[in-house]
Amino acid sequence: MTTNNDTLYKIAETLQDSNIDREKIEKSIMKMLEAFGENPEREGLQRTPERVARMYEELLSGYRLDPLEMINDALFDVTYDEMVLVRDIEFYSLCEHHLLPFIGRVHVAYLPKGRVLGLSKIPRLVDMFAHRLQVQERLTRQIAEFLDELLHPAGVAVVVEALHLCATMRGVKKHGARMTTSAMFGYFRKNIATRQEFLENISRGPVSIF
Ligand SMILES: [Zn+2]
């Protein structure tokens with residue numbers, strides 16, 4: 001079984017270039033503060049441009065993560081072919097239309113066909129796609145496509161449930177309105193029973209261990 005690394009980099013939209021331009025962000029934030037009618041020199045704001053630039057560097061780090069380094073050979077050959085399900089993966093992303101957060105949970109499932117990915121890598125994969133300017137639909141699809149290309153499983157399913165602050169903070173407030181998106185490939189698309197098993201699994205409340 002082969003995985004095309006170029007395809008993985010393409011799905012991950014990995015940027016090979018240098019770091020984020022912190023200086024440029026600082027200057028822009030300074031200009032924004034002025035445009036708001038604020039005084040950027042007042043005590044509380046003096047270090048704000050610098051803080052915001054450092055914050056964006058972290059929140060947008062997903063473009064420059066090397067996905068193959070992240071996976072770090074945590075691929076294992078198995079004969080197991082039952083559904084692997086990782087649910088309730090917390091994520092924080094930034095809506096590309098408003099630069100405001102959207103936050104929620106991701107549920108990922110796949111049907112292995114000879115190969116699985118180490119369990120701890122799935123939340124890291126979610127983070128890689130969340131730590132950038134996103135829309136929820138693309139985030140959902142990218143996670144599914146990446147796993148599909150990496151593992152060539154018999155099926156992949158990804159469901160994302162999120163709260164968008166750009167919707168809840170602005171205009172007519174719809175407190176708590178959540179959006180759900182999904183991407184289903186292979187068996188999850190073709191086979192209603194498989195899809196149903198997955199959806200039933202994730203619709204039970206969060207797992208409580210304590
Ligand atoms: Zn938005």
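User: What share of the 210 residues in the protein is buried?

Analyst: Buried residues make up 40% of the 210; buried means under 20% relative accessible area, exposed over 50%, and partly exposed in between, with a 1.4 Å probe and protein chains only. The model is predicted, so local features need pLDDT of at least 70 and side-chain atom pairs count only at pLDDT 80 or more, while totals for chains, interfaces and linings use all residues. Residues are numbered from 1 along each chain as its sequence is written, and side-chain values use heavy atoms, leaving out hydrogens and water.

User: What makes Cys95, His98 and Cys166 donors of the zinc ion?

Analyst: A donor is an N, O or S atom within 2.8 Å of the metal (3.2 Å for Na, K and Ca). Cys95 (SG), His98 (ND1) and Cys166 (SG) lie 2.1 to 2.2 Å from the zinc ion, so these atoms meet the cut-off. Water is not among the atoms, so the site may look incomplete. The spacing of the donor residues in sequence is C-x2-H-x67-C.

User: How do you know how helices α1 and α6 are oriented to each other?

Analyst: Helices are DSSP runs of H or I with at least four residues, strands are E runs of at least two, and both are numbered from the N terminus. The axes of α1 (residues 5-12) and α6 (residues 136-151) come within 9 Å and cross at roughly 175°. Axes are lines fitted to C-alpha atoms, for helices over the stretch in contact, and angles run from 0 to 180 degrees between N-to-C directions. Angles over 145 degrees count as roughly antiparallel, under 35 as roughly parallel, 65 to 115 as roughly perpendicular and the rest as oblique. The two helices are therefore roughly antiparallel.

User: Which residues of α1 and α6 meet?

Analyst: Thr7, Leu8, Ile11 and Ala12 in α1 meet Gln142, Glu145, Phe146, Glu149 and Leu150 in α6; contact means heavy atoms within 4.5 Å.
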